[in-house]
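Biologist: Could we go through this one together before I set anything up? I will ask as I go.
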Amino acid sequence: MQVPFDEYAQAAGVATELVNTAPGVWNGTDMLSDAAALESFVTTHVPTVWAPGLDRMIPTPDDLAATHALRDVLREIIDSGDARTIVDRATVLTRSVGTLTLAIEDDRTRWQANTAPDAALADQLGLLTGVGVLGVTHALGVERFRPCASPDCSGVFIDTSRNGARRYCMPGLCGNRVNVANHRARQRAQ
Ligand SMILES: [Zn+2]
């Protein structure tokens, strides 16, 4: 895994997606229930350019258990709202870093963290999400770690929008749910 620091927003987006696969967000249903679901999550959310070959990696039950543990830590980080806690815990997630380097692209360079060559899948995801959490804390602030505004959703998210006005963990789903509820309430009131 190679994670460019200036793409922390995209990395934080992967953290949000991972946290919201938890059974607590889906009325007890784990959206990351087996190794196949984990493989699909990685293929869908991790940019191939950050992890060449990772989409061909077959996750093991150990990878799944370790990713569930990572998910729990990320949830605690987002729930905490405290800069010291967020930084300390996200720093632990980056323990699989092997080298710090510059990616050279055409005529420019940018900071990049690489995992150690033998890093397990969950540790690679830990570096990715850790860079996302630290990058957002540094550039945007801890108020960007928030619960979903939908009253019947227990999801959380890291807001990387330009104006910082994101309200829902899954905008297409939770936002629509609230709109439908408001619409029905208006209809009842008439
Ligand atoms: Zn939500």
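Biologist: Which residues are the protein donors of the zinc ion?
Modeller: Bearing in mind that this is a predicted model, the protein donors are the SG atoms of Cys 148, Cys 153, Cys 169 and Cys 174, which lie 2.2 to 2.4 Å from the zinc ion.

Biologist: And what is the arrangement of the four donor atoms?
Modeller: The arrangement is tetrahedral, because the angles that the four donor atoms subtend around the zinc ion run from 98 to 118°, and four donors count as tetrahedral if all angles lie between 85 and 135 degrees.

Biologist: How are the donor residues spaced in sequence?
Modeller: Their spacing is C-x4-C-x15-C-x4-C. Cys 148 sits in the loop between strand E4 (145-147) and strand E5 (156-158), whereas Cys 174 belongs to helix H6 (residues 171-189), so this pair ties together parts that are 26 residues apart in sequence.

Biologist: Are Cys 148 and Cys 174 buried or exposed?
Modeller: Both Cys 148 and Cys 174 are buried. Arg 188, which also has its place in helix H6, is exposed, with a relative accessible area of 62%.

Biologist: How far is Arg 188 from Gly 135?
Modeller: Their C-alpha atoms are separated by 45 Å, and the two residues are 53 apart along the chain.

Biologist: Changing topic, how do strands E2 and E3 run, and how many bridges join them?
Modeller: Strand E2 (residues 97-105) and strand E3 (residues 108-115) run antiparallel and are joined by eight bridges, with Ala 103 having Arg 110 in E3 as its bridge partner.

Biologist: What lies between E2 and E3?
Modeller: Two residues lie between them in a hairpin, and Asp 106 in the turn has a positive phi of about 50°.

Conventions
Residues are numbered from 1 along each chain as its sequence is written. This is a predicted model: local features need pLDDT of at least 70, side-chain atom pairs count only at pLDDT 80 or more; totals for chains, interfaces and linings use all residues. Side-chain values use heavy atoms; hydrogens and water are left out. Two strands pair if DSSP finds at least two bridges between them. Helices (H or I, at least four residues) and strands (E, at least two) are DSSP runs, numbered from the N terminus. Donors are N, O and S atoms within 2.8 Å of the metal (3.2 Å for Na, K and Ca); water is not among the atoms, so sites may look incomplete. Four donors count as tetrahedral if all angles lie between 85 and 135 degrees; four count as square planar and six as octahedral if opposite donors are over 155 degrees apart and all others between 65 and 115; anything else is irregular. Buried means under 20% relative accessible area, exposed over 50%, partly exposed in between (1.4 Å probe, protein chains only).
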